[in-house]
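Here's a quick briefing to read alongside the model. Take a look at the structure, then go through the notes below.

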Amino acid sequence: MELEPELLLQEARENVEAAQSYRRELGQRLQGLREAQRQIKESASQTRDVLKQHFNDLKGTLGKLLDERLVTLLQEVDTIEQETIKPLDDCQKLIEHGVNTAEDLVQEGEIAILGGVGEQNEKLWNFTKKASHIQLDSLPEVPLLVDVPCLSAQLDDSILNIVKDHIFKHGTVASRPPVQIEELIEKPGGIIVRWCKVDDDFTAQDYRLQFRKCTSNHFEDVYVGSETEFIVLHIDPNVDYQFRVCARGDGRQEWSPWSVPQMGHSTLVPHEWTAGFEGYSLSSRRNIALRNDSESSGVLYSSAPTYFCGQTLTFRVETVGQPDRRDSIGVCAEKQNGYDSLQRDQAVCISTNGAVFVNGKEMTNQLPAVTSGSTVTFDIEAVTLGSTNNNEGGNFKLRVTISSNNREVVFDWLLEQSCGSLYFGCSFFYPGWKVLVF
């Protein structure tokens with residue numbers, strides 16, 4: 001039975017679409033296969049280079065150590081030879097002097113004897129007198145061979161077998177690192193790196209995270225510890241970075257092979273404090289503010305409204321000073337000068353004593369007091385983007401979650417107008433407070 005022309009055309013179109021989809025799927029799989037092949041080839045090439053460099057360095061170091069040991073032993077031979085040969089040289093000089101003296105005496109005696117008695121009585125007398133003063137019966141002591149050093153080199157050939165065993169066991173080639181990076185999350189001026197174990201038989205004691213710009217040839221350590229995530233700060237926006245992680249087994253000193261490097265970047269502009277505020281000193285990147293001993297007070301705001309709903313805003317208190325009930329860390333809809341705290345309308349904040357304020361009113365729920373090392377996070381979501389029905393004094397509602405020291409409070413924040421982005425700020429009344437924002 002023949003199909004109608006329209007049905008036949010429709011079926012042909014569907015087959016073409018299916019073939020196109022099939023081609024796309026095959027293309028994606030082919031791309032994945034090529035990436036897998038490239039990973040094997042590139043990692044193998046890098047491993048070869050690392051092995052060659054390591055063993056070349058090892059040969060150079062071993063050669064240097066052997067040369068240094070040889071010099072030390074030769075110096076020891078020289079020292080023993082010089083110290084023990086000197087007394088023998090002195091004895092030799094003494095004996096040679098005695099031999100020369102005896103030869104001279106023999107010649108003089110023979111001449112005196114040939115002259116006979118009579119005229120030569122005086123020569124015989126002088127010779128006899130001279131011989132009596134030389135002590136011809138006194139001979140110097142010469143040491144026996146068994147009493148003087150006989151140097152030799154004591155070399156244990158078993159070191160070759162020991163070194164051979166260590167060399168044959170030195171180094172391994174691993175095809176699968178026991179830990180891999182599983183997620184990269186962009187943050188303003190930073191990237192959260194999360195990793196996990198992929199080898200269930202491997203018990204990790206510590207992890208080591210490194211990163212580098214893709215334009216750099218050198219990885220640098222950024223974290224060593226037992227946690228499985230870390231936020232890498234000082235990330236330039238829209239710049240690609242590579243991250244890798246390794247682990248150290250329980251009770252071991254050596255690190256595992258590196259994970260497959262993962263590339264990440266952040267498109268979010270870094271959070272910065274406003275520069276030039278007299279009461280605060282800022283870091284070079286303006287993400288750390290330190291309350292100095294200036295008498296000026298007021299709220300230090302962000303340089304721009306860089307916090308958006310749906311993101312997590314994090315403050316970390318590096319150092320603390322004397323607390324005050326008016327202290328505040330939080331966010332606001334707009335900058336309002338003339339206030340000494342964020343405990344005001346159109347702002348939500350937490351005080352250093354743990355009190356939470358919404359639009360200037362203190363909430364009944366309270367968080368733990370802020371201490372050195374405390375982390376305070378703000379998560380804000382838009383709940384209503386139109387006017388409310390209950391007419392509670394606000395036209396827009398945001399759901400706010402503040403977390404600190406493993407506790408959190410959740411509340412609704414009513415704003416007079418819609419805000420696409422928010423400012424953040426802080427105020428401290430006594431010096432010593434230092435807060436990092438990211």
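Let's start with glutamate 229, which is partly exposed, with a relative accessible area of 37%. Keep in mind that this is a predicted model. Glutamate 229 belongs to a network of salt bridges that also links Glu183 and Arg194, and a search of the whole structure turns up 13 salt bridges.

- Glutamate 229 pairs with arginine 194 in a salt bridge, with the closest N and O atoms 2.8 Å apart.
- That pair links distant parts of the chain: glutamate 229 sits in strand E5 (residues 229–233) and arginine 194 in strand E2, 35 residues apart.
- Arginine 194 also meets the side chain of glutamate 183 in a salt bridge, at 3.2 Å from N to O.
- Here too, the pair links distant parts of the chain, with glutamate 183 in strand E1 (residues 179–187) and arginine 194 in strand E2 (residues 190–197), 11 residues apart.
- How accessible is glutamate 183, and what does it count as? Its relative accessibility is 34%, so glutamate 183 counts as partly exposed.
- Arginine 194 has a relative accessibility of 28%, so it counts as partly exposed as well.
- As for the general idea, side chains of opposite charge can pair when their charged atoms come close.

- Aspartate 90 forms a salt bridge with lysine 86, and the closest N and O atoms are 3.3 Å apart.
- Both aspartate 90 and lysine 86 lie in helix H1 (residues 5–114), four residues apart, or about one turn of the helix.
- An α-helix has 3.6 residues a turn, so residues three or four places apart point the same way.
- Aspartate 90 counts as partly exposed because its relative accessibility is 39%.

**Helix H3 and the glycine after it**

- Helix H3 covers residues 158–169, which makes 12 residues.
- From first C-alpha to last, H3 reaches 17 Å, close to the 16 Å expected at 1.5 Å a residue.
- Just after H3 comes glycine 171, which takes a positive phi of about 85 degrees.

**The annotated domain**

- UniProt, in an unreviewed entry, lists residues 177–270 as "domain: Fibronectin type-III".
- What is the helix and strand content over residues 177–270? The chain there is 0% helix and 53% strand.
- The end C-alpha atoms of residues 177–270 are 33 Å apart.

Note on methods:
Residues are numbered from 1 along each chain as its sequence is written. This is a predicted model: local features need pLDDT of at least 70, side-chain atom pairs count only at pLDDT 80 or more; totals for chains, interfaces and linings use all residues. Side-chain values use heavy atoms; hydrogens and water are left out. Helices (H or I, at least four residues) and strands (E, at least two) are DSSP runs, numbered from the N terminus. The expected span of a helix is 1.5 Å times one less than its number of residues. A salt bridge is a side-chain nitrogen of Lys or Arg within 4 Å of a carboxyl oxygen of Asp or Glu. Buried means under 20% relative accessible area, exposed over 50%, partly exposed in between (1.4 Å probe, protein chains only). UniProt positions are given in the numbering used here, feature names are shortened, and annotations may be inferred rather than shown by experiment.
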